Amino acid sequence: MNNLYDLVVIGSGPGGYVSAIRASQLGLHTALIEKYQDLGGTCLNVGCIPSKSLLYSSKYFFFAKNHHHSHGIIYDKLSLDFEKMMKRKNEIVKKTNEGVKYLMKKNNIDLYNGIATFKKNHVISITDRKTIEDIQFKYCIIATGSKPISLPLSNFEKRKKIISSTEALSMDEIPKKLIIIGGGIIGLELASIYHRLGSQVTIIETMDRIISNMDHSLSQEIQKILEKSGIQIKTSFIIQDIVLLETNEISVYVKNKNNGKKMKYIGDYCLISIGRSPYTENLGLEHIGIQKDQKGFILVNDFLQSSVENIYAIGDVIGGKMLAHKAEEEGLYVAEHLAGQKPNKLNYNLVPSVLYTNPEVSSIGFTEKEIQNKGIEYNIGFFPMRILGIARASGSTEGFVKMLSHKKTDEILGVHMIGDHASDMIMEASVALEFRASSEDIYRICHPHPTFSESFKEAALLSFENKAIHM
């Protein structure tokens, strides 16, 4: 390997490996450093990919158990092989790991395994067991990601019953009773997995609603749907203590922040899902003067450049929306910028958020509350999924599409939806907002029938004229 590089990327998650590939494609001699043997970062190994594998497996099991009969599919002795389900998940992760390694080789990217530490602003020391190697670079992208935040009153190492999302994706048993602290996307997805597999799940959220970063209507609707399915959701509760009982159970003590009422919940496991913090350990940022904020996130400018001119940072380590696709777009931007191109800066308001519950939840643009706070007059197009023919045919009638548009210009300002295939449908909204389309523009486009996308067209007509064809 040549130890002098145009670009060195630290971290092989979606942001890191994508930026390395793009940089190499554009002619930069590129190296990627990863401290683990497996590439892909949190997303591939203990996040997006394993969680979606288990979400789909548990969805199929739940559907077979509760809904197949309505389709005229009758059978006896349905059973669950949890070990095989986990094995399938591990195989998917392994194959995806191998795919990323192949892409590194295909794109002539030098791969180093070890811990990267800055010695100077153009020199990195890589420690792999007892071997230390220095490499030089012109530019560097830090893409080291994040790790789960733990509560100060819990100890992940000593109390195996108190777990993070990492352990929750590699359980060797299905909890009888699972307590989840945190009603964000990660907490709700893991709640869905284990509830479908038979766990009694209780979610405890400090805020007054779950998925509080999304539109209020989405929070209300998905809470109603999840509670109807049997998941307990407790909002506005502050965690006071978590105790490991002699029975090997976990007791979680909480207090309602509104009325002071104290309660306790007992479970086999307690999952802490209260967010993630930036991972910057052992990087040696202090050696070169890279600045961080009070929470430890690396500070960057509009070009994703750190306080050290030739070093950039992307993804979870700089904060904002901690999403794989956001990190990818930042990585592409920096790679193209360093290669002398003129890429468009990422509009962070147009980064879609997706929750893979059943039904799925997705959102992009401004929430209704944000539009109100800006003092903008707006129209609402609200169309229930249950009206669609495809919803009835598939048995997926829950949810809606909510479109918010400017009252005077008709420009679409935000789209929020719950329903089957919402994770895919949000892309039509992404394109519409990116090109500043109006609700009339969407209404005038021919949508295929019968599909869930028809709900988007109907919501557009409602936003444009306060009329709909099918309601």
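I250 stands opposite G267 of β14, within a pairing in which six bridges join strand β13 (residues 250–256) to strand β14 (residues 262–267) in antiparallel fashion. Strands count as paired if DSSP finds at least two bridges between them. Helices (H or I, at least four residues) and strands (E, at least two) are DSSP runs, numbered from the N terminus. The model is predicted: local features need pLDDT of at least 70, side-chain atom pairs count only at pLDDT 80 or more, and totals for chains, interfaces and linings use all residues. Residues are numbered from 1 along each chain as its sequence is written, and side-chain values use heavy atoms, with hydrogens and water left out.

**Strands and sheet**

- β13 and β14 form a hairpin with five residues between them, and G260 in the turn has a positive phi of about 80 degrees.
- An open sheet is built from five strands in the order β8-β15-β9-β10-β11, with parallel pairing.
- β8 (162–163) and β11 (232–235) stand at the edges with a single partner strand each, so one side of each is left without a neighbour in the sheet.
- Strand β9 (residues 177–181) runs parallel to β10 and is joined to β10 by five bridges; K177 has Q200 of β10 as its bridge partner.

**Buried residues**

- S19 belongs to helix α1 (residues 14–25) and is buried, with a relative accessible area of 0%. Buried means under 20% relative accessible area, exposed over 50%, and partly exposed in between (1.4 Å probe, protein chains only).
- A polar atom of the S19 side chain lies 3.0 Å from the backbone oxygen of G15, and the side chain of S19 also reaches the backbone oxygen of G16 at 2.8 Å.
- Not counting residues up to four places away in sequence, S19 touches V9, I141, I314, G331 and A335; contact means heavy atoms within 4.5 Å.
- I211 is in the loop between β10 (200–205) and α7 and is buried, with a relative accessible area of 1%.
- The C-alpha atoms of I211 and I185 are separated by 6.5 Å, although the two residues are 26 residues apart along the chain.
- Beyond its neighbours within four places in sequence, I211 is in contact with residues including G183, G184, I185, L188, L218 and L355.

**Pocket and cavity**

- The second largest pocket has a volume of about 810 Å³, and of the 25 residues that line this pocket, F62, F63, H67, N358 and E398 are the closest to its centre.
- On a 1 Å grid over the protein atoms alone, a cavity is a set of points where a 1.4 Å probe fits but cannot get out, while a pocket is an open set with protein on both sides within 12 Å along at least five of seven lines; lining residues have an atom within 4 Å of a point. Grid points are joined across faces, edges and corners, and a volume is the space filled by probe spheres set on the points.
- α3 (48–66), α6 (185–196) and α7 (216–229) each supply at least two residues of the lining of the second largest pocket.
- That pocket lining divides into seven nonpolar, 13 polar and five charged residues. Ala, Val, Leu, Ile, Met, Phe, Trp, Tyr, Cys and Pro count as nonpolar, Asp, Glu, Lys and Arg as charged, and the others, Gly among them, as polar.
- The whole structure holds one cavity of 30 Å³ or more, and the largest cavity has a volume of about 100 Å³.
- Residues lining the largest cavity include K52, Y56, R196, N358 and D420; α3 gives the most to this lining, with four residues.
- The lining of the largest cavity comprises three nonpolar, two polar and five charged residues.

Notes
Polar contact = N/O pair within 3.5 Å; in protein donor to acceptor, adjacent residues only side chain to side chain.
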